[in-house]
Amino acid sequence: MKKKHLTTSLAAITLIFSAIATGKTINTVDNIPFEYDQFTTENGLRVVIYPDKSKNSITMSLIYNVGSADEPKGKTGFAHLFEHLMFAPTPNRKEDYFTSAKEAGTLMANAFTNNDITHYFASFPKEALDYMLWLESDRMLYLPEAINKEMVDKEIEVVKNEKRQRGNTPYKNYMDSLRKTIYPIDHPYNHEIVGSMEDLDAATVDDVKNWFTTYYVASNAVLVLSGNIDLKTAKEKIPYYFGGIPKGKKSDKIESWVTTLSSDIEESFNADVEASSFYFSWPSPNRSDKDNDLLSIGVDILAGTENSYLNELFIDKLNLMTSISQHINVNRNSGYITIGGTIKEGGNINDIAQQFEFELNKFLNGKIDEKKLKLFKSQEKMKLLKFKEHSANLGQELGNSETMYNNAVLPIESYNNKINASPKEIISTMRNWLSKNRYLALIHRNTKNADEFADKVDRTKKPDLIFNEKVDVLPVETVSLSNGIELSVITRTDNQLVSGELSFDFGKLSTEQGKPGVANLALSLLTKGSQKHKYADLMADMRKLGLSIGTDYNSDKTTISFNALSPNLKDSIALLSEVITTPAFPEEQLEKEKEQMRNEFISMENTPQRASEHIVNTILFGPDNALARQQSIENISSINNVDLFKFHSSNIRPDNVKIRLVGDIDINTAKNILEEHFASWNVDKNPIKSKFESAYQSDLENKIILINDPDAQQTQITAVIDAGKYLHEEEESLDAIGSILGGSMTSRINSNLRLDKGWTYGARGGFFNDPMTPVIFKVKTTVQKDKTTESIVEISNEIKKMLSTKPITEKELSDYITNATKSNSSKYETNSSWLYVLRYADRFGVDYKKLVDNSAEIKSLNVNSLNKLAKSKLDNKSISWIIVGDINELKTKMQNLNFGRVYTSDTNGNIKPIN
């Protein structure tokens, strides 16, 4: 085992770098400052530092200048395959990367591959910097020594399963054709990133090792550290850990290869989609070209928002389409623009596409609406401020730009281009690119007798039924296993996937939970080892099968969910049963999870905006209620294996569970498989019946609670109202009221704060139901710091006006009904959506069929009853405001609002009045 770079003197190694620049600051044209640093180590590793001392964590990215575009013929998919292999053990550590990284309390760790780069990233507490640098440099240098045929073959199967799942989309044929049309056969972007099955099967160990030694070298990589880091520390540590990496050679890249279409191209596709659609596409420049920034403005104003030119015309005015979208696919050397959308049911796709193209060209020959341009620039500023607030994301973007364009600050330059853009240059650039030959895809919804249907329908008349309001309610078949477990199955044979869940009758409000935090730990440890499999082996088997397992823990139910490939279902259920019925709760994994939770507490303290939901629950239910009770580091530290096994035997039981399956499975096959693996699961104890504590509190008052975040770029505002007891017969009405007031892009509150004033990137609100709690009305948004008081007043006024001077109108209700009924059928296109409605029906004790097909109930709504219900739920009710921002700036302003007594709170929910 080699350790040459790990034993070099830190003192000596600190001199092994060549500084490019230090202490850089770049300002946007509207004076938003960004500090960053860069240097290059002696062996060629470029380093970008984005310091943000307000964070307790560091995010590290290692970006390799290699992607699918670098793959030669016969080796497609290698970049993505190697991304998978990079998480394997090395000679210096027996465990995989994820397991090692968790020891450092990582908040996240993952990777992605695209056409141009392979990007690895992890976030962790600042104290773990040395450990994570060691871990990253270790795999960069020593992974080839660990690569063997068994490892390569296993990951090839994993990637092939991923490719199969990616291929399970009705738009795949269209996307493949678009890619091959925009990028000709000799273009590096012509093939899929995931590669072909044939090339993956042909991959050898030598192929993989050659890929590594060619591309995973210092000169071909960029390391980014963002968060609680400084240049001095980085210059001391990075050359030490990465100084032994071979320098190698930076990959040669094609900087620009923008294709052109020799003529207009039109293709038609039949697909199992909810509605027919069409999309126009044109080749476009690379990310570093200023034209790309100008195009992003133009296409947004043309088709990017609900108040864009084409949306207002084809959706609002002509009522020909149900949705319109735009997308700019950006890569290192070129990209493409796509604009299109879905048509109304019964519409003539050819006629609408032709009219769409006519109006698009009409736009190109006109002028940019300066009001819409101003709104776009306002939203860009909001997005940039939110981006700056998340140093991890911004650091990664700086690194990507440095890797691809040797220009770390390209995102800031791009922003400046957009803010400085004039209407004239925007429309000129759009004419230049969108007046060229284009590709048009017409995607027809599959019907059983498509030709016959086309012959019989008179396309000159609008059909009586414009869209499919009625949902075909799939039958639910229910049986019992021999040990009494109830099994429900919905069969859907449109893909080879099965989704399922085990729903247990206990939750956060259950009285038999044991120590605080035990439930969360036990559930998170289920997949960390069983009595038969160690953690690493268990993960390997799950990945091989394509099995994923997750958990959810709410007020009254606990769900263990899974997704599996139907050909592998029997083996997947066997592994699932093993995980659920015979967990090991291994000591080493328990300690890692406890450390992870401790780090989460620390992260919460350093990220005040994350605390607002906990404060909401404290206000609504009281600090001692289970929904608001804050776990502590001390509580978590005291939990041991005995506590976990006691929790498991008391709650994860066959007399306490229902099993539901949806997908490519029938009831008889399902029962046979589950009998084999779950019927022997029995308990000796008497049947249990969960008991729950109350979650109601009556001493609410008008109040403002301030949570201090002195470094916040924006202010977070949350308003909550206790709207009383949940009644199922009110649910559709409350959905309508909530949507009109705050639950959609065009809702009153969002239209006010975002579309009209541009103070926020978005505001959302509505009624939230839970069978164990009161109905809660909640609004949440983040706004410009200098518009905090004004935003609070506007939100309050919108609520008051709905109850007095501006009640819900017939048009608002009509728009809501149209949207709710036309989208009803599209809500149930996935296994998970059917599982959700089964779970909801069980939790709330309502009829499954009526939940699915609720169009008649929605259509029966009327404005008089809605306005009456809105008053009963919101009028004369106490409003609690939770404001996260700089207390020194906000305290006096909040007191002057006279919206109730003003309090402060820490992130743990310790609420105290301001004297």
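Asn 406 has a relative accessibility of 48%, so it counts as partly exposed. This is a predicted model, by the way, so read what follows as a description of a prediction. Asn 406 sits in the loop that links helix H14 (391-405) with helix H15 (410-420). Its backbone deserves a look too: phi of Asn 406 is near 55°, a positive value in a residue that isn't glycine.

Where does Phe 585 sit? You'll find Phe 585 in the loop between helix H20 (569-581) and helix H21 (587-606). Here again phi is positive in a residue other than glycine, with Phe 585 near 45°. Phe 585 has 0% relative accessibility, so this one counts as buried.

## The chain as a whole

Stepping back, the chain runs to 915 residues, and 55% of them count as buried. You can pick out 34 helices and 25 strands along it. Take the contacts between residues at least 6 apart in sequence: 81% of these join residues at least 24 apart.

Ser 284 belongs to strand E9, which covers residues 277-284. Is Ser 284 buried or exposed? Its relative accessible area is 0%, and since buried means under 20%, Ser 284 is buried. What does the side chain of Ser 284 reach? It comes to 2.9 Å from the backbone nitrogen of Tyr 336. If you skip the neighbours within four places in sequence, the contacts of Ser 284 are Val 258, Ile 328, Asn 329, Ser 334, Gly 335, Tyr 336, Ile 337 and Trp 433.

Tyr 336 turns up again with Leu 178. Leu 178 is part of helix H6 (residues 172-182), and with a relative accessible area of 1% it is buried. Not counting residues up to four places away in sequence, Leu 178 touches Ser 281, Tyr 336, Thr 338 and Tyr 439. Leu 178 and Trp 282 are 104 residues apart along the chain, yet 10.0 Å separates their C-alpha atoms.

## Two crossing helix pairs

A quick word on the description: two packed helices are described by the angle between their axes and the distance between the axes. Helix H10 (residues 290-303) packs against helix H16 (residues 423-434) at an angle of about 95°, and their axes are 9 Å apart. Angles of 65 to 115 degrees count as roughly perpendicular, so H10 is roughly perpendicular to H16. On the H10 side, the contact is made by Lys 290, Asp 291, Leu 294, Leu 295, Ile 297, Gly 298, Val 299 and Leu 302. H16 brings Glu 425, Ile 426, Thr 429, Met 430, Asn 432, Trp 433 and Leu 434. By class, the residues of this H10 and H16 contact split into nine nonpolar, three polar and three charged. Trp 433 of H16 is also one of the contacts of Ser 284.

The other pair is helix H18 (residues 518-525) and helix H24 (residues 641-651), whose axes come within 10 Å and cross at roughly 85°. H18 and H24 are therefore roughly perpendicular to each other. Val 518, Ala 519, Leu 521, Ala 522 and Leu 525 of H18 meet Asp 643, Leu 644 and Phe 647 of H24. Which classes of residue make up the contact of H18 with H24? There are seven nonpolar residues, no polar ones and one charged.

## Nonpolar cores

The largest nonpolar core has 62 residues. Those with the most contacts inside it are Ile 704, Leu 706, Ile 737, Trp 881, Ile 883 and Met 894. Which helix gives the largest share of this core? Helix H30 (residues 831-844) does, with seven residues. There's also a second, separate core of 61 residues, with Phe 39, Leu 85, Val 152 and Ile 238 among them.

Leaving out its neighbours within four places in sequence, Met 894 is in contact with Ile 704, Leu 706, Thr 788, Thr 789, Ile 792, Ile 883 and Val 902.

## Glu 794 in H28

Glu 794 lies in helix H28, residues 788-803. Which residues does Glu 794 contact, neighbours within four places in sequence aside? They are Asn 752, Leu 753, Lys 757 and Trp 759. Glu 794 and Ile 749 are 45 residues apart along the chain, and their C-alpha atoms are separated by 7.8 Å.

Conventions: Residues are numbered from 1 along each chain as its sequence is written. This is a predicted model: local features need pLDDT of at least 70, side-chain atom pairs count only at pLDDT 80 or more; totals for chains, interfaces and linings use all residues. Side-chain values use heavy atoms; hydrogens and water are left out. Helices (H or I, at least four residues) and strands (E, at least two) are DSSP runs, numbered from the N terminus. Buried means under 20% relative accessible area, exposed over 50%, partly exposed in between (1.4 Å probe, protein chains only). A polar contact is a pair of N or O atoms within 3.5 Å; within protein, one must be able to donate a hydrogen and the other to accept it, and residues adjacent in sequence count only if both atoms are side-chain atoms. Contact means heavy atoms within 4.5 Å. Axes are lines fitted to C-alpha atoms, for helices over the stretch in contact, and angles run from 0 to 180 degrees between N-to-C directions. Angles under 35 degrees count as roughly parallel, over 145 as roughly antiparallel, 65 to 115 as roughly perpendicular and the rest as oblique. Ala, Val, Leu, Ile, Met, Phe, Trp, Tyr, Cys and Pro count as nonpolar, Asp, Glu, Lys and Arg as charged, and the others, Gly among them, as polar. A nonpolar core is a set of buried Ala, Val, Leu, Ile, Met, Phe, Trp, Tyr and Cys residues joined through side-chain atoms within 4.5 Å.
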